[in-house]
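Morning, everyone. Please have a look at the chain on the screen, and then I'll walk you through it.

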Amino acid sequence: MEAAIRKPSFRQSSGKANEVNYWIFDYPPEKELEVRERIEYMKHKNSKGMDEFELAVFDLYDIIIDFLEGKNFIEKCCDFEKKRGIQRIVKAVSNSMKVSEDDNLIVRYILDHTPENAIVFLTGVGKSYPLLRSHNVLNNLHQSYLHAPVVMFFPGTYNEQELILFNEIKDDNYYRAFRLVK
């Protein structure tokens with residue numbers, strides 16, 4: 001994977017419509033901690049300025065928690081979950097972050113914090129479940145015209161047609177991304 005993202009061709013748009021590259025790096029869920037360590041290593045190595053790009057790493061779970069803490073919603077979410085259940089929390093968080101809308105707060109955060117000449121790493125997919133579904137983030141990013149290659153680290157399986165979180169939970173079909181390592 002590291003060799004693939006270092007190639008200048010990786011950072012160039014591809015396809016007939018000159019769309020931005022979207023990639024999924026799927027891995028066995030039990031390798032989560034190893035993948036986190038490797039991403040941290042790559043980010044540290046990249047920060048030395050030797051690459052022709054900057055790694056912009058966004059943990060989706062951290063974005064959600066920061067939003068909830070900023071609104072003082074954490075305790076309210078805990079109380080609400082006890083009274084109404086997890087599905088109500090999922091809906092409430094999704095609505096407050098506008099996850100299904102064009103002005104999605106997660107996508108807005110990524111757009112606002114992605115530097116020029118960057119490669120975007122999206123992490124925290126497993127930690128974010130069930131609050132956030134990965135295909136929603138990819139679809140909304142695709143519609144926002146983020147001009148950087150995006151690599152989503154996915155604990156499960158992606159066969160270039162469907163995402164299966166933890167190799168058990170089938171997400172919606174997603175066809176726009178390529179598998180980074182086959």
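Ground rules first. This is a predicted model, where local features need pLDDT of at least 70, side-chain atom pairs count only at pLDDT 80 or more, and totals for chains, interfaces and linings use all residues. Residues are numbered from 1 along each chain as its sequence is written, and side-chain values use heavy atoms, with hydrogens and water left out.

Helices and strands here are DSSP runs, numbered from the N terminus; a helix (H or I) has at least four residues, a strand (E) at least two.

Let's start with helices. Two packed helices are described by the angle between their axes and the distance between the axes. Axes are lines fitted to C-alpha atoms, for helices over the stretch in contact, and angles run from 0 to 180 degrees between N-to-C directions.

How do H6 and H8 cross? H6 covers residues 105-112 and H8 covers 134-144; their axes come within 10 Å and cross at roughly 55 degrees. H6 and H8 are therefore oblique to each other. For the labels: under 35 degrees is roughly parallel, over 145 roughly antiparallel, 65 to 115 roughly perpendicular, and the rest oblique. On the H6 side, the contact is made by Val107, Ile110 and Leu111; on the H8 side, by Val137, Asn140, Leu141 and Ser144. Contact means heavy atoms within 4.5 Å. These residues divide into 5 nonpolar, 2 polar and no charged. Nonpolar covers Ala, Val, Leu, Ile, Met, Phe, Trp, Tyr, Cys and Pro; charged covers Asp, Glu, Lys and Arg; the others, Gly among them, are polar.

Next pair: H3 and H6. Their axes come within 11 Å and cross at roughly 110 degrees. That makes H3 roughly perpendicular to H6. Leu60, Ile63, Ile64 and Phe67 of H3 meet Leu105, Ile106, Tyr109 and Ile110 of H6. The count for this contact is 8 nonpolar, no polar and no charged.

H4, residues 74-84, packs on H5 at about 135 degrees, with the axes 7 Å apart. H4 is therefore oblique to H5. H4 brings Cys77, Phe80, Glu81 and Arg84, and H5 brings Ile86, Arg88, Ile89, Ala92 and Val93. That contact divides into 6 nonpolar, no polar and 3 charged.

Now the cores. In soluble globular proteins, nonpolar side chains tend to be buried together. A nonpolar core here is a set of buried Ala, Val, Leu, Ile, Met, Phe, Trp, Tyr and Cys residues joined through side-chain atoms within 4.5 Å. Buried means under 20% relative accessible area, exposed over 50%, and partly exposed in between (1.4 Å probe, protein chains only).

Which residues touch the most other members of the largest core? Of its 35 residues, they are Leu60, Ile110, Val120, Leu122 and Leu141. H3, residues 60-70, gives this core its largest share, 5 residues. Another core lies apart, with 15 residues, among them Phe10, Phe25, Leu55 and Phe121.

Take Leu141. Leaving aside neighbours within four places in sequence, its contacts are Tyr22, Val107, Ile110, Leu122, Leu146 and Val150.

Phe153 sits in strand E4. Buried or exposed? Phe153 counts as buried, at 3% relative accessibility. Not counting residues up to four places away in sequence, Phe153 touches Met1, Phe25, Tyr27, Val35, Ile39, Phe121, Leu122, Thr123 and Val125.

Asp59 is in strand E2, residues 54-59. Asp59 also counts as buried, at 15% relative accessibility. Beyond neighbours within four places in sequence, Asp59 contacts Thr123, Gly124 and Lys127.

Asp102 is in the loop between H5 and H6. Asp102 counts as exposed, at 74%.

Last, backbone geometry. Most residues other than glycine have a negative phi, and most peptide bonds are trans. Lys98 has a positive phi of about 55 degrees. Lys98 is in the loop between H5 (86-96) and H6, and is partly exposed at 29%. Glu160 has a positive phi of about 70 degrees. Glu160 lies in the loop between E4 (150-158) and E5 (162-165), and is partly exposed at 26%.

Where is the cis peptide bond? A cis bond joins Tyr129 and Pro130, with omega about 5 degrees. Pro130 is in the loop between H7 (125-128) and H8.
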